[in-house]
Every structure is written in structure tokens, then in C-alpha cells.
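Please brief me on this structure in short, grouped points. Start with the overall picture, then go to the details.

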Amino acid sequence: MSSMFLARRLVTRCFSSRPPLHVCIVGSGPAGFYTADKLLKAHEGARIDIIDRLPTPFGLVRSGVAPDHPETKIAINQFSRVAQHNRCAFYGNVKLGSDLSLSELRDLYHVVVLAYGAESDKNLGIPGESLGGIYSAREFVWWYNGHPDYSSLKPDLKSSDTAVILGQGNVALDVARILLRPTTELASTDIATHALSALEESSIRKVYLVGRRGPVQAALTAKELREILGIKNLHIRIKETDLTVTPADEEEMKNSRARKRIYELLSKAAAGTSKGDCDQRELHFVFFRQPERFLESDESKGRVSGVNLEKTILESGGSGKQIAVGTGEFEDINCSMVLKAIGYKSVPIDGLPFDHKKGIVPNVRGRVVSGDISQTEPGLYVCGWLKRGPVGIIATNLYCAEETVGSISQDIEEEEEGVVGKSEKAGRKGLVQLLENKMVKKVDFSGWEKIDAKEKQMGIERNKPREKLVTWEDLLAASSADS
Amino acid sequence: MLFHRLSRLGSRIVKQLPRERHLSVCGMRVLQRSYAQYLQSSSAVVLQRQPQQAFFSNNNHHRCTSFSTVSETEKINVIFVDKDGEEIHIKVPVGMNILEAAHENDIELEGACECSLACSTCHVIVMDTEYYNKLEEPTDEENDMLDLAFGLTETSRLGCQVIAKPELDGIRLAIPSATRNFAVDGFVPKPH
């Protein structure tokens with residue numbers, strides 16, 4: 001059983017007697033931390049630095065996962081243990097692209113893994129998209145999660161009782177749930193206080209979730225659906241006719257148990273009735289509709305007053321997929337707020353090959369390629385959403401990281417005298433020096449721990465797990481406070 | 001190297017001490033542990049894999065006899081087939097969940113949400129249908145997570161929901177491997 005095992009261990013050991021392998025991971029979300037974890041295990045000589053543009057680690061686990069999903073955030077425990085590993089360090093408040101360039105980073109490290117995710121949004125490209133009252137779901141999520149870049153967003157929650165959410169994925173369900181859930185239930189979460197106050201005064205009672213395709217194709221997951229269907233005093237509206245399934249739908253369900261279970265949940269919800277209540281809230285699932293244009297308000301110029309939607313039907317798009325096609329029939333939904341939950345997009349940086357169409361860095365199993373696919377960028381890798389696009393759950397990054405680390409290991413083994421063995425790299429020492437020269441005030445993991453302690457302390461006073469610090473000033477001040 | 005291993009073993013035994021007591025007194029299992037040893041696990045796992053259990057079996061016996069009909073020290077054989085296809089044989093006390101058992105034995109199985117049914121990282125595949133059928137049906141909540149599991153099969157379960165019981169003696173569990181078949185566009189679960 002163990003001879004192979006032993007042999008491999010011995011091989012790994014050999015690496016440790018070589019000069020250390022200096023690795024920099026850019027981005028401290030799940031993709032970054034899983035990469036670090038797997039690299040630490042695979043290479044005993046690896047010295048890993050994780051940098052992040054924010055003073056706080058954990059990426060979307062902190063700023064993306066909904067405040068009422070504390071169990072999902074438990075992954076932070078594992079990430080923290082990785083950050084505290086004696087061969088790993090975290091440096092926040094370090095911005096790749098402005099504080100330092102990619103080429104500077106590649107000069108300092110044998111291996112650079114980019115895992116900085118997707119910090120922008122896809123656009124619909126339809127008329128009226130820049131009207132006031134239209135936000136990307138990402139902006140709204142970052143706002144209620146206290147991301148320092150969006151804590152002053154002030155979304156308009158009071159101009160009417162209706163919000164339209166474009167998209168039917170989990171992010172759409174998250175923002176719908178935050179809009180519709182009783183605020184008394186949100187009060188005990190780590191939601192940002194500015195968001196809680198705004199939601200307490202919100203007049204939104206009706207939320208429309210609009211999707212181009214049908215209930216069989218909705219990109220949401222059962223847990224999130226089950227959760228929103230269970231909200232107190234929430235009336236679920238689904239048109240009976242939208243639930244009719246075609247043979248092609250049947251086929252899709254046969255091939256995916258997830259889709260089948262989701263369809264069943266929606267059918268069950270459609271059949272249920274609830275009595276009217278004075279504070280009744282409504283969630284409408286609107287299937288087979290695509291946004292055509294946004295309507296501008298007559299009373300307040302520059303603000304959205306509704307969405308014009310085109311009805312769609314499904315046609316075969318080949319390989320079992322069905323795509324939505326417009327029918328030329330239109331209808332309006334009036335609303336004062338629109339959240340676009342149609343997907344995130346990664347942001348390119350100087351000197352990095354980038355596929356603008358897909359919004360990712362072109363790569364083969366995590367190896368960054370430039371020009372044609374045979375040309376790999378030595379020592380440069382990607383992981384997470386930057387590598388495969390903004391889809392999947394936290395656990396998807398586990399496998400994504402495994403693949404990228406597999407590529408790194410293979411490259412190291414194959415290039416006996418190559419990247420790692422021959423060249424001396426300055427690694428952490430060089431980074432720290434460079435940041436000092438550039439007067440960049442990095443926040444290390446102990447700085448984050450101070451922020452963490454302060455937030456938890458403030459949370460105790462309000463009966464919350466934590467009260468997030470939501471401005472750059474407060475975060476940086478807390479990180480350097482005397483303990 | 002041997003000395004190093006032995007000293008690690010010693011420290012692990014010491015670490016186990018308070019927990020073993022806690023468990024035997026309560027007769028109930030709560031996953032409340034530091035995974036630190038799991039994180040630094042890779043180097044010293046070749047030796048026999050469950051000495052700490054044997055070490056304390058007397059102790060447990062002494063404490064437990066008056067509490068339960070099934071002895072806490074009763075163990076079943078569980079075989080993990082890891083990502084490289086290697087078999088790892090371990091002994092798991094009845095009542096312990098498979099995720100915890102894996103971590104006790106330095107087997108690489110993730111547990112991101114620490115048994116709160118909020119992730120699918122401890123996905124294991126029961127290799128024999130016969131054993132799969134001996135398990136209780138997964139709950140809706142477990143199925144919700146399994147829907148998202150990488151490389152879902154008809155005999156997939158979450159490790160944290162599989163509790164060792166005598167009928168499962170000899171069960172073989174595969175840990176899904178990503179390196180062989182991870183699709184760049186994301187995962188596509190197999191039909192169920």
C-alpha cells in the first residue's frame with residue numbers, strides 16, 4: 001500500500017532541500033486559499049505570500065456570501081489556518097496593477113498564481129441601462145455586506161413597492177431574499193448596519209425575478225430556493241402555464257437530478273396558497289422574458305420607472321441545450337429599482353493575456369497562455385473565477401485549485417534545471433522591500449486579526465456575530481491599532 | 001525521521017485525550033475540533049493509522065459501560081480509496097461520522113463547513129451498492145448539497161452524514177478526484 005506513497009513523499013522531501021519555491025497568490029478568496037493550502041501540502045519548500053487589494057482576506061466569503069448564510073462562512077476557519085501556516089503569509093491593502101505591476105511580481109517569485117476573481121459586471125447592452133435606480137447585483141451585495149468600495153451606494157428602496165431582478169441564479173435569489181426577508185431576522189446577522197437601517201425603511205414589497213428561460217433551466221440551487229420559498233408571509237407567484245414542460249425539458253431533467261429537484265420545488269410552490277396579510281410580500285417568478293429596454297420615469301428624470309420585457313420561447317441550441325428566442329411580444333413591469341444579476345466579469349491588468357469575450361485569462365489547466373495556445377507564460381498561473389469564469393460554488397474552487405497546483409507541480413518536475421532550481425528569487429523579502437520603497441502600507445494577517453477582533457467586539461454590543469467596518473479609513477485604522 | 005514521527009504520534013495522542021473523554025461521557029458526537037493537525041498532515045501518515053484509539057480503549061471502556069448498550073469502543077473497518085487510487089484501511093468507532101474519521105486518520109477529505117450541511121466538500125462515493133443501500137436515505141438538505149457535488153454518482157454521499165455502524169464494516173469509500181477530469185467550464189454532474 002505505502003511504497004508508492006513513501007516514494008512520493010521522498011520526492012517531495014527532495015524539493016525541500018532545494019532552494020525554497022517562492023510563490024505569490026494574488027487574491028485571498030476561496031480560489032486563493034485553496035491554492036495555497038494545496039501548494040503547502042504538495043511542496044515542502046513552498047513559501048507562499050497571498051496578497052489582496054483589500055485590508056481584509058477571504059474575498060467573496062466576506063463580501064459575497066449573504067449575511068444570513070453564516071454556515072457557508074465557516075470555510076473561513078480553514079482559510080485562517082492556512083494563513084497562519086509558518087510557510088504562508090497574508091498581505092492585504094496591496095493592489096496589483098497600481099501598487100506593483102505584474103512584471104515586478106513575476107521578478108520576485110518563481111510562481112505567481114492570479115486568483116483575484118471577477119470584480120466587475122456583465123452588461124445587458126440595452127437602452128436605458130445607465131438610468132438611476134439600476135444597479136448590478138454585485139454592487140447591491142457589496143453594499144449590504146459592507147464592502148468598503150460600496151458602503152455609500154444608498155440604493156433607492158423607497159420610491160415604490162416594486163423591484164425587478166434580472167436573472168434567476170443564486171445571486172438573484174440572495175438579493176431577493178435580502179429585500180423580502182423580515183429585517184428582524186437580518187438584524188442578528190453580520191449585515192452592514194447602513195444596509196439594515198435602509199432595509200428597515202424599505203417600501204419594497206413585490207419582487208420580480210425575471211429569467212429568459214423556463215423553470216427547468218433556472219440556474220439556481222435547491223438550498224437557496226427552498227430557503228426563499230420558506231420566508232414568512234411571502235406569497236410566491238408562478239404562472240401555471242410556465243410550468244408546462246416540453247419533451248426537451250423532460251430530457252434536460254432526466255440528465256440532471258438538480259434541475260429535476262428544482263423544478264419540483266417550483267411546482268410545489270406554485271400550487272401552494274397563502275392568505276393575505278397586512279404586511280404581505282410577494283415574490284414573482286417571471287419565466288420566458290428577456291429585457292428589451294429600461295423605461296425612464298416621467299416625474300423624476302434620469303430614473304428608472306420600469307422594464308420592457310420581450311416574451312421568449314425556447315429553441316434547441318444543440319447538444320441538449322435550449323436557448324431563449326424573442327417572440328416580438330412585449331410587456332412592461334413598473335418598478336423603481338432594478339438589480340441586474342446576470343453575471344460577474346473579471347478585470348484585466350497590464351501585461352496579462354486576457355480573453356475579453358469570455359472575461360477570463362486564457363489558460364490550459366491553469367497555465368496562462370498568450371497568443372496561440374501553445375505559448376505558456378512561464379511561472380504564471382490562474383485559479384478560480386479568473387480562470388474559468390464566474391460560476392460555481394466555494395467547493396468548485398477546491399477542484400479548480402487542485403488542477404492549477406497539479407500543473408505547477410508538473411512544470412516544476414519537468415523543468416529539472418528550470419524555473420525553480422536555477423533562478424534565485426527574492427520572494428517575500430523582496431516584496432516587503434518593494435512595498436516599503438513604494439510606501440505601501442500593507443496589512444498582514446495580524447492586522448486583519450485586529451480588524452476581526454474589533455468587529456466582533458462591536459458585534460457583541462449589537463447582538464450580531466460582527467459589526468463590519470465599512471470604510472477604508474476605519475479598516476486601516478483598526479488594522480494598525482495598538483493591541 | 002523515525003524519531004520525528006514518533007514524537008508527532010505522541011503529540012497526537014496527547015491531543016486526543018480530552019476529546020476522547022468528552023465523547024465517552026456524553027455518548028454523543030459533536031465535531032468540535034481543531035483541524036490544525038489535518039492541515040499539517042502530509043508527512044507522517046505511513047505508520048499504523050489508529051494507535052491513539054487503541055491506547056484509550058481501556059479508558060473508554062471503563063467510563064462507558066454504564067451508559068450505552070453498544071460499546072463506544074466498537075470499531076468497523078473502513079477503506080478509503082484516495083485521489084490517486086490508493087487504498088487506506090482505517091478503523092472507525094461506531095457512531096463517528098466519516099468526515100471526522102478521515103480527519104482523525106490524516107486522510108485528505110475536505111470539510112469546509114465543518115459538518116453544518118452547507119457545502120459538498122466531503123463528498124464520498126460508496127463503491128459497493130450493497131453498502132450504499134445499508135445507509136439511511138439522504139435528507140433533502142443533504143441532497144441539496146449533493147446536487148452541487150463534483151462528480152456526483154448514484155452512490156454519492158456526504159462524508160459528514162455517513163455515521164459508522166456495525167453493518168457498514170468493510171465499506172469502501174472513494175474520494176472523487178479532480179485532477180483527472182475537472183472540466184474548465186465547471187463541473188457537469190453525472191446523470192442520476
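**Briefing**

In chain B, residues 24 or more positions apart account for 70% of the contacts with a separation of 6 or more; contact means heavy atoms within 4.5 Å. This is a predicted model, in which local features need pLDDT of at least 70, side-chain atom pairs count only at pLDDT 80 or more, and totals for chains, interfaces and linings use all residues. Residues are numbered from 1 along each chain as its sequence is written, chains are lettered from A and ligands numbered from 1 in the order in which they are written, and side-chain values use heavy atoms, with hydrogens and water left out.

**Chain B**

- Chain B has six helices and five strands. Helices (H or I, at least four residues) and strands (E, at least two) are DSSP runs, numbered from the N terminus.
- Along the sequence, the pattern of chain B reads α-α-α-β-β-α-β-α-α-β-β.
- Of the 192 residues in chain B, 52% are buried. Buried means under 20% relative accessible area, exposed over 50%, and partly exposed in between (1.4 Å probe, protein chains only).
- Chain B exposes about 8,800 Å², and carbon and sulfur atoms supply 54% of this area. Accessible areas come from the Shrake-Rupley method with a 1.4 Å probe; for residues, only the protein chains shown count as cover.

**Annotated sites in chain A**

- An unreviewed UniProt entry gives a "binding site" annotation that covers A:Gln168, A:Gly169, A:Asn170, A:Val171, A:Arg212, A:Arg213, A:Glu224 and A:Gly392. UniProt positions are given in the numbering used here, feature names are shortened, and annotations may be inferred rather than shown by experiment.
- A:Glu224 sits in helix α10 (residues 222-229) of chain A. A:Glu224 is buried, at 12% relative accessible area.
- Not counting residues up to four places away in sequence, A:Glu224 touches A:His69, A:Asn170, A:Leu173 and A:Asp174.
- The side chains of A:Glu224 and A:Thr221 make a polar contact (2.4 Å). A polar contact is a pair of N or O atoms within 3.5 Å; within protein, one must be able to donate a hydrogen and the other to accept it, and residues adjacent in sequence count only if both atoms are side-chain atoms.
- A:Gly392 is in the loop between α13 (385-388) and α14 (396-414) of chain A. A:Gly392 is partly exposed, with 41% relative accessibility.
- UniProt (unreviewed entry) also lists "domain: FAD/NAD(P)-binding" for residues 22-184 of chain A. Residues 22-184 of chain A are 33% helix and 18% strand, with the end C-alpha atoms 48 Å apart.

**Cores and a covered helix**

- The largest nonpolar core has 54 residues; A:Tyr144, A:Ile165, A:Leu179, A:Leu283 and A:Phe285 have the most contacts inside it. Helix α7 (residues 170-180) of chain A gives the most to this core, with seven residues. A nonpolar core is a set of buried Ala, Val, Leu, Ile, Met, Phe, Trp, Tyr and Cys residues joined through side-chain atoms within 4.5 Å.
- Leaving aside neighbours within four places in sequence, A:Tyr144 contacts A:Ala66, A:Pro67, A:Asp174, A:Val175, A:Ile178, A:Ile191, A:Ala192 and A:Ala195.
- In helix α6 (residues 137-144) of chain A, eight of eight residues are buried. These include A:Arg138, A:Glu139, A:Trp142 and A:Trp143.
- A:Gly146, with a positive phi near 70 degrees, follows α6(A).

**Sheet and loops in chain A**

- An open sheet of eight strands runs in the order β16-β17-β18-β4-β1-β2-β3-β19 (chain A), with mixed pairing. β16 (363-364) and β19 (443-444) of chain A are at the edges, each with a single partner strand, so one side of each has no neighbour in the sheet. Two strands pair if DSSP finds at least two bridges between them.
- Strands β1 (residues 21-26) and β4 (residues 111-114) of chain A pair in the parallel sense over four bridges. A:Val23 has A:Val111 in β4(A) as its bridge partner.
- A:His110 lies in the loop between α5 (102-108) and β4 of chain A. A:His110 is buried, at 3% relative accessibility. A polar atom of the A:His110 side chain lies 2.9 Å from the backbone nitrogen of A:His22.
- A:Gly214 is in the loop between β8 (206-210) and α10 of chain A. A:Gly214 is buried, at 1% relative accessible area.
- Leaving aside neighbours within four places in sequence, A:Gly214 contacts A:Phe287, A:Phe288 and A:Leu314.
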